[in-house]
Amino acid sequence: MSGYRDLLRTPGVARIIAAQLTARVPSGMLSLAFLIHIERIFDSYGAAGLVLAATSVGQAVAGPLTSRWMGRFGMRPVLIVTLIICAAGVFVIAFLLLPLWAYMLVGLIVGLATPPIQPAVRTIYPKMVSGRQLTPLFSLDASAQEIIWVTGPFITVVLATQFSPVAALSVAGAFMVGGGIWFIASPEVGKVRIPPSRRKLGMVLKNRAVVLSTVGGFLLIGSAASIEVGVVAVFGEGGTEAGILFGLWAIASLVGGLSMGHLPIGPWAMANRFAIVVVGMLLAPFALEFWWLALALIVAGIGIAPVLAVMFAIVSASVKFSETAEAYGWLGTGQLIGAALGSAIAGFLIDGFGAIGGFWAAIAFAVIGMLVAILFRGWHPDLRGRDASPLPDTEPVETVS
């Protein structure tokens with residue numbers, strides 16, 4: 001823990017982590033909030049799944065593209081424009097009664113305009129700390145990110161059940177606007193300049209570590225999103241049990257990330273950590289009762305942040321600094337698509353088979369993720385004995401003092 005305390009004492013680190021976490025809270029809220037809101041309007045999880053699928057298409061197209069634009073136009077202009085459009089779309093879905101096709105269109109726009117805060121902050125990190133501190137910083141960031149992915153649904157469930165889905169969407173929009181302004185105003189966002197990549201869009205996917213992490217993130221978050229929908233279906237939209245379970249899950253993920261942050265990252269690191277998630281997911285459907293599900297989610301949660309930390313580290317160590325934003329854009333796209341499609345697939349399975357369908361989807365995503373990490377471990381760089389700093393570009397990187 002002393003290492004994490006030293007990190008947080010580094011000038012600007014605590015502030016930039018807090019700002020980006022606040023701005024990204026909606027990432028953990030919107031999929032579930034859209035699901036509950038649209039299902040309540042149309043009385044169909046399938047209809048809600050279509051809106052989530054449209055959102056995921058937008059995110060798939062925009063993630064790497066808007067991240068790459070930050071190297072051409074600068075971080076702040078891209079973040080400001082996307083923030084305004086995305087927040088407006090969220091409030092439209094919250095307050096306007098529309099036909100299904102219109103909700104899908106607005107969902108697509110929300111996805112296209114998702115602010116690229118995740119790739120921005122991961123590009124900034126290597127310029128704030130030493131190479132020795134970078135891997136622990138990624139572990140700390142991954143642990144904090146899981147608070148978003150798991151606490152976000154907790155906030156959503158509580159607001160949607162105790163007030164209304166509109167309240168949940170409104171709070172998500174407020175986090176997006178307030179946190180986005182805080183992050184954009186951070187000095188580091190203005191100081192670090194990303195040199196434009198000399199290669200075409202998508203060429204960074206020739207890097208095996210980027211592909212492995214993108215696919216792994218898609219499957220990991222797809223599993224998490226699926227089990228979230230399954231838990232909500234078990235206890236109903238009017239129960240608070242789901243929110244409590246998501247809170248326990250967040251705590252477990254935080255503990256797992258912080259406790260494993262110091263472990264060396266070898267070729268089996270992702271597979272070993274994925275195995276913990278699989279065990280938790282496999283436990284869940286044996287008894288759809290509160291305390292058993294609490295145990296299952298705690299076990300699964302312990303592995304989630306460590307898996308993500310490995311992904312961030314191996315990507316950072318495998319690409320040039322000018323390509324880090326786009327690389328993390330692809331990772332973010334994979335995770336966001338996983339969240340949306342995991343919720344959508346689980347929704348259709350729940351419509352057809354009951355709440356257990358959500359748990360089947362979660363198990364399938366997690367098992368496939370572990371198998372990918374095992375079968376493609378040769379794509380996983382060995383970081384034992386080296387730091388996770390990006391590869392240097394052939395020309396100096398400009399910073400504004």
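Ser 226 counts as buried, because its relative accessibility is 0%; buried means under 20% relative accessible area, exposed over 50%, and partly exposed in between, with a 1.4 Å probe and protein chains only. Ser 226 sits in helix H11, residues 208–235. Helices here are DSSP runs of H or I with at least four residues, numbered from the N terminus.

Before I go on, this is a predicted model: local features need pLDDT of at least 70, side-chain atom pairs count only at pLDDT 80 or more, and totals for chains, interfaces and linings use all residues. Residues are numbered from 1 along each chain as its sequence is written, and side-chain values use heavy atoms, with hydrogens and water left out.

What does Ser 226 touch? Leaving aside residues up to four places away in sequence, the list is Gly 342, Ala 346, Gly 358, Ala 361, Ala 362 and Phe 365. Contact means heavy atoms within 4.5 Å.

Next, a helix pair. H4, residues 45–73, packs with H15, residues 321–353, at an angle of about 175°, and their axes are 8 Å apart. Axes are lines fitted to C-alpha atoms over the stretch in contact, and angles run from 0 to 180 degrees between N-to-C directions. H4 is therefore roughly antiparallel to H15, a label for angles over 145 degrees. The residues of this contact divide into 15 nonpolar, 10 polar and 3 charged. Asp, Glu, Lys and Arg count as charged; Ala, Val, Leu, Ile, Met, Phe, Trp, Tyr, Cys and Pro as nonpolar; the others, Gly among them, as polar.

Last, H3, residues 30–42. Of its 13 residues, 10 are buried, including Phe 34 and His 37. Asp 43 follows H3 and has a positive phi, near 55°.

Key:
Helices (H or I, at least four residues) and strands (E, at least two) are DSSP runs, numbered from the N terminus. Angles under 35 degrees count as roughly parallel, over 145 as roughly antiparallel, 65 to 115 as roughly perpendicular and the rest as oblique.
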